[in-house]
Amino acid sequence: MKDKKTDQSKIERKLSKEDLERLEILQKSEDIKGEQLSINLDSELIVENQAELLLGQRIDDPVQKFQLYYHGLSKLLKDSLPKGKEFEDVRRIVYDEKNILINRGAKKDEKGIRGSDGRMAYIEDLEEAIKIVAEWTSRKGTSAELFMAFWDKNEELGYGHQD
């Protein structure tokens, strides 16, 4: 009795011309993994390894983001903005403008959903927001001044504001 398991490479297949073209395309894709053809300034074709190009780039660090968001930005705001139920609206208005900045312009929709999470913001955006708050606290500014500092930065970046 023959073994029912068959070696896949030994199976004879009747492949159409289209099937052969697909296989050729698939095989070619294996030849250039991670590489990109481009033209340099001297109009010469060069092959760039995409993985090597990524190595020099700054990659976000989740631990650093956590520290910046919770122990930096949020703590500064919590310690510096007015406390209590009567100032809840003040804090919300400032937080909304801050969140537009760190979420690169994402605003809340009519249901109150931003669709972006400030805890996952880019490190440089968190650092910019912390810089704004730090300058504000060093001047002992008002909540309105902090709001306007975030407002001005959002204007500068073309992000707009919460409606």
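Guide: K140 is exposed, with a relative accessible area of 73%; on this scale buried means under 20%, exposed over 50% and partly exposed in between, using a 1.4 Å probe and protein chains only. The model is a predicted one, in which local features need pLDDT of at least 70 and side-chain atom pairs count only at pLDDT 80 or more, while totals for chains, interfaces and linings use all residues. Residues are numbered from 1 along each chain as its sequence is written, and side-chain values use heavy atoms, with hydrogens and water left out.

K140 sits in the loop between α5 and α6, where helices (H or I, at least four residues) and strands (E, at least two) are DSSP runs numbered from the N terminus. Its phi is near 55 degrees, a positive value in a residue other than glycine. R104, in the loop between α4 and α5, also has a positive phi for a non-glycine residue, near 50 degrees. R104 is partly exposed, at a relative accessible area of 36%.

Now for the helices on either side of these loops. I123 belongs to α5 and is buried, with a relative accessible area of 0%. The C-alpha atoms of I123 and I102 are separated by 9.0 Å, although the two lie 21 residues apart along the chain. Setting aside neighbours within four places in sequence, I102 touches Y69, L73, G118, A121, D125, L126 and A129, a contact being heavy atoms within 4.5 Å.

I102 is also among the residues with the most contacts inside the largest nonpolar core, alongside L73, L126, V133, L146 and F150. That core has 20 residues; a nonpolar core is a set of buried Ala, Val, Leu, Ile, Met, Phe, Trp, Tyr and Cys residues joined through side-chain atoms within 4.5 Å. At least two of its residues come from each of α3, α4, α5 (123-138) and α6 (143-157), and α5 gives the largest share, seven residues. In soluble globular proteins, nonpolar side chains tend to be buried together.

The axes of α3 (residues 62-80) and α4 (residues 88-102) come within 12 Å and cross at roughly 155 degrees; axes are lines fitted to C-alpha atoms, for helices over the stretch in contact, with angles from 0 to 180 degrees between N-to-C directions. That makes α3 roughly antiparallel to α4, since angles over 145 degrees count as roughly antiparallel, under 35 as roughly parallel, 65 to 115 as roughly perpendicular and the rest as oblique. On the α3 side the contact uses Y69, L73, L77 and K78, and on the α4 side Y95, K98 and I102.

The axes of α4 and α6 come within 9 Å and cross at roughly 25 degrees, and these two helices are therefore roughly parallel. Here V90, I93, V94, E97, K98, I100 and L101 of α4 meet S143, L146, F147, F150, W151, K153, N154 and L157 of α6.
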